[in-house]
Amino acid sequence: MKPTKMRNNLIYQATFQTRSKQLGSALSKELHKKYGKRSVRVIEGDTVKILRGEFTGVEGKVSKVSTQKSSVAVEGVKKEKTKGDKFDVYIHTSNLVVTSLNTDDKWRISKLEGK
């Protein structure tokens, strides 16, 4: 397959399923030891720590997940417009580490535990 076609299939014309898989983020050392997995798909309610960019070191809950941008909005991470309005800053999932998981979804936890 030509590189341009592959790039288009993975970025610009990706299916919802492919985009969903690209929303993975690394697990913290404690969670990595507990579950034996390095990464997990980020969902709303997970607590994450930002590793790169303007908001490095900020920790907060995931408030919105954007599959279109393959990034997430974190509570407490906002920017201000010139008129004074505040808006969410979307951070790419590769720049995050998951520090605690949202345990509402029992299927997700059982998959992580390998049951």
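A polar contact here is a pair of N or O atoms within 3.5 Å; within protein, one must be able to donate a hydrogen and the other to accept it, and residues adjacent in sequence count only if both atoms are side-chain atoms. This is a predicted model, where local features need pLDDT of at least 70, side-chain atom pairs count only at pLDDT 80 or more, and totals for chains, interfaces and linings use all residues. Residues are numbered from 1 along each chain as its sequence is written, and side-chain values use heavy atoms, with hydrogens and water left out.

**View A. D46 and its polar partners.** The D46 side chain makes a polar contact with the side chain of R108, at 2.8 Å. A polar atom of that D46 side chain also lies 2.7 Å from the backbone nitrogen of N102.

View B. Look for D46 in the loop between β2 (39-41) and β3 (47-50); strands are DSSP runs of E, at least two residues, numbered from the N terminus. D46 is buried, with a relative accessible area of 0% (buried means under 20%, with a 1.4 Å probe and protein chains only). Leaving aside neighbours within four places in sequence, D46 has contacts (heavy atoms within 4.5 Å) that include R41, K61, V98 and L101.

View C. Seven strands make an open, mixed sheet, ordered β2-β1-β7-β3-β4-β5-β6. β2 and β6 (86-92) each have a single partner strand, so one side of each is left without a neighbour in the sheet.

**View D. β5 against β6.** Strand β5 (residues 71-80) runs antiparallel to β6, joined by six bridges; pairing takes at least two DSSP bridges. Here A73 sits opposite Y90 of β6.

Note on methods
Helices (H or I, at least four residues) and strands (E, at least two) are DSSP runs, numbered from the N terminus. Buried means under 20% relative accessible area, exposed over 50%, partly exposed in between (1.4 Å probe, protein chains only).
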